[in-house]
Amino acid sequence: MDAGTEKGGDILFEQFQALGQPGVYTEERCDEIRDLVAEITALKREKNAIVLAHNYQRPEIFEVADFVGDSLGLAKRGVDVTEDTIVFCGVHFMAETAKIMSPDKRVIIPDARAGCSLAESVDADALVARRDELRRTYPDLKIVSYVNTTAEVKAVTDVCCTSSNAVQVVENIDSQNILFCPDENLASYVAANTKKHIIAWNGNCYVHHQIRPEEIRRAREVNPGIKVIVHPECRADVIAEADEVASTSGMIEFAKNDAAGAFLIVTECGLSERLLLEVPDKKFYKACQLCKYMKMITLERTRDALVTGRDEVDVPRDICDNARLSIERMFELS
Ligand code: SF4
């Protein structure tokens, strides 16, 4: 994943109407949002805290975010800031990644229940057992794990990867046989773009896995000329329909820089909403699904997290150190 985008300037509340969600962003709700944004902004100063927000968050969360981006880009931002508290508006493995990168900072997640079907599809013990079993046949086998994994899984991983550098990491790692974990769809995308032997873990993101190619074909029929940008966590038959395959940050760059005026964004819906707000001169259509975990984070919970200091993310130091090594190896190889 690429580095996140620095949030600049206010997004007008009137723009929330452009999101086309009647009954959600009513005038009354927009007034509440305005008050909560002011409250959170004051609390951030008082508590010496910053707010990092993932691309899939609710649009109103972007209003209080100091940085918006993908999980690794945000974790890198957290290292550089002088504030000693990070409020991470995203899911739990992302807040853990911020903690791994900044072990001496306090990292808080507004709702500790915000998990991830992909991260939960693998645990460290099962992964080590599978690796040891496979090494009897492939002695050089190494584990490459997508960053959408827990700290414990990162700690037993040889090299981490993101959706944008997965192929490059696999190409550059010093082994021919790779256990790719945990996303079977990203594994299949990587396998299609390398000559190395990829053995996929059997996990997926429930959000991307349920998107079907028919939805894309229908959208092309109704809107001829649109460009289709697909996230590599989607199934291979969905990726086959794409004009461009990109990570969330890559999608934003592509949509901003490409000459086309209309795009179909095939990933979690929050990214289309961010693009609708940030690139108002282009059209964005959705072939997306909502992530129930991402949407657990609200402005109210973000305010409460700043007031109470709950829920702090704790990663044991030895796991932090081993997990950071697998991330640093990724930087070396990509
Ligand atoms: S969109 Fe998928 S990968 Fe991302 S947090 Fe939700 S379940 Fe996990």
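Biologist: How many bridges join β6 to strand β7, and do the two run parallel or antiparallel?

Modeller: Three bridges join β6 to β7 (residues 159-161), and the two strands run parallel. The model is predicted, so local features need pLDDT of at least 70 and side-chain atom pairs count only at pLDDT 80 or more, whereas totals for chains, interfaces and linings use all residues. Residues are numbered from 1 along each chain as its sequence is written. Strands (E, at least two residues) and helices (H or I, at least four) are DSSP runs, numbered from the N terminus, and two strands pair if DSSP finds at least two bridges between them.

β6 comprises residues 142-146. Ser145 takes part in both pairings: Cys160 stands opposite Ser145 in β7, and Cys181 is the bridge partner of Ser145 in β8. In a regular strand the side chains alternate between the two faces of the sheet.

β6 is mostly covered, with four of its five residues buried. Here a residue is buried if 20 or more other C-beta atoms lie within 10 Å of its own, exposed if 12 or fewer, and partly exposed in between, with C-beta atoms placed from the backbone.

Helix α3 (residues 71-80) is likewise mostly covered, with eight of its ten residues buried. Among them are Leu72, Leu74, Lys76 and Arg77.
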